[in-house]
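Let's take a quick tour of how side chains meet in a folded protein. Have the sequence and the 3D view open, and look up each residue as it comes along.

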Amino acid sequence: MTVNSENEALRRRGGDSARDGSPEASEAMMSDVEEEERSAVDLVLGLGDPQKVGRFQFFMESERWEWSDAVARMHGYRPGEVRPSTGLLLQHKHPEDREHVAAVLDQILRGKPFSSRHRIIDTAGRTRCVVVVGDRMLDDDGELIGTSGFYVDVTDSLESDIKNVLSAAADARATIEQAKGVLMAAYGISARRAFDILVWRSQETNLKLRDLAGRFLDAVASKASADTRSEVDRALLNLE
């Protein structure tokens with residue numbers, strides 16, 4: 001894959017409007033990327049049921065929450081029925097977990113990474129057990145702008161299943177981050193664009209994102225020559 005073919009594919013996915021450079025075109029393309037990032041959670045975890053996994057984002061400056069349709073449904077709402085807020089989220093927490101959840105929300109509001117397993121009560125009064133994982137959300141300049149992460153509805157899962165999900169997510173994320181780093185270094189692109197490329201290739205090859213990233217890293221490693229390693233050694237040892 002070359003930079004030219006990669007960009008051509010991205011333009012093709014964005015449609016003709018992406019080529020005109022207008023703000024509307026850029027906004028539409030960003031929307032596509034964000035939607036693919038949300039669906040990528042399903043690709044990473046491979047849970048099969050899209051209703052079991054949902055994405056959320058919290059923007060610190062405006063204190064604005066966004067959640068996917070799946071997270072809305074976990075809380076008992078139809079997509080678009082309500083606007084999520086810190087107060088609304090606290091209302092749905094199980095009384096016995098509220099203190100713990102308040103501490104987690106404090107981590108989110110300060111842009112800190114976290115993971116939590118707790119219970120929520122939906123609008124019908126049903127108790128659901130969820131695993132929520134989040135990390136810092138950065139802009140293209142590396143500045144902290146909030147927190148993003150995902151919910152996993154594990155109500156019907158055993159304790160061992162919860163541990164397996166978290167372990168698989170952590171392992172997959174490490175592999176994906178390594179693959180992103182290779183693309184960023186090779187093409188001089190942002191982390192968001194590198195992720196976009198991986199998601200695109202995942203869809204093209206019908207491979208889970210974690211599997212594609214692993215195969216990509218193996219392919220790169222197998223082609224690395226002694227000269228490549230020498231250049232890496234030289235760059236590392238000459239840092240001041």
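Here is a short briefing on aromatic rings, charges over rings, and salt bridges. Keep in mind that this is a predicted model. The structure holds 5 aromatic pairs, and a search of the whole structure turns up 8 salt bridges.

**Aromatic rings**

- A pair of aromatic rings is described by two things: the distance of the centres and the angle of the planes.
- Start with F56 and Y151, an edge-to-face pair with 5.9 Å centre to centre and 85 degrees between the planes.
- F56 belongs to strand β1 (residues 53-59) and Y151 to strand β5 (residues 144-153), so this pair ties together parts that are 95 residues apart in sequence.
- Buried or exposed? Both F56 and Y151 are buried.
- Next come W67 and Y77, a tilted pair with 6.3 Å centre to centre and 35 degrees between the planes.
- W67 is in strand β2 (residues 64-67), while Y77 is in the loop between α3 (69-74) and α4 (86-91), so the pair ties together parts that are 10 residues apart in sequence.
- W67 counts as buried because its relative accessibility is 15%, and buried means under 20%.
- Y77 is also buried, at 13% relative accessibility.
- F56 and Y151 show up again in one aromatic cluster, together with F58, W65 and F114.

**Charges over rings**

- R64 has its charged end over the ring of F59, 4.2 Å from the ring's centre.
- R201 lies over the face of W200, at 5.6 Å from the ring centre.

**Salt bridges**

- Side chains of opposite charge can pair when their charged atoms come close.
- E96 and R119 do this through a salt bridge of 3.2 Å, N to O.
- That pair links distant parts of the chain, 23 residues apart: E96 is in the loop between α4 and α5 (98-109), and R119 is in strand β3 (residues 114-121).
- E96 counts as exposed at 62% relative accessibility, whereas R119 is partly exposed at 26%.

**The network around R128**

- Which residues are linked in a network of salt bridges? They are D122, R126, R128 and D153.
- R128 and D153 meet in a salt bridge of 2.8 Å, N to O.
- D153 sits in strand β5 and R128 in strand β4 (residues 127-138), so to speak distant parts of the chain, 25 residues apart.
- R128 also forms a salt bridge with D122, where the closest N and O atoms are 3.6 Å apart.
- R128 is partly exposed at 21% relative accessibility, but D122 is buried at 4% and D153 is buried at 7%.

Definitions and conventions. Residues numbered from 1 in each chain as written. Predicted model: local features only at pLDDT ≥ 70, side-chain atom pairs only at ≥ 80, totals over all residues. Heavy atoms only, no water. Phe/Tyr/Trp six-rings, centres within 6.5 Å; stacked < 30°, edge-to-face > 60°. Helix = DSSP H or I, 4+ residues; strand = E, 2+ residues; numbered from the N terminus. Buried < 20%, exposed > 50% of the residue type's maximum accessible area, 1.4 Å probe, protein only. Lys NZ or Arg CZ within 6 Å of the ring centre and 35° of its normal. Salt bridge = Lys/Arg side-chain N within 4 Å of Asp/Glu carboxyl O.
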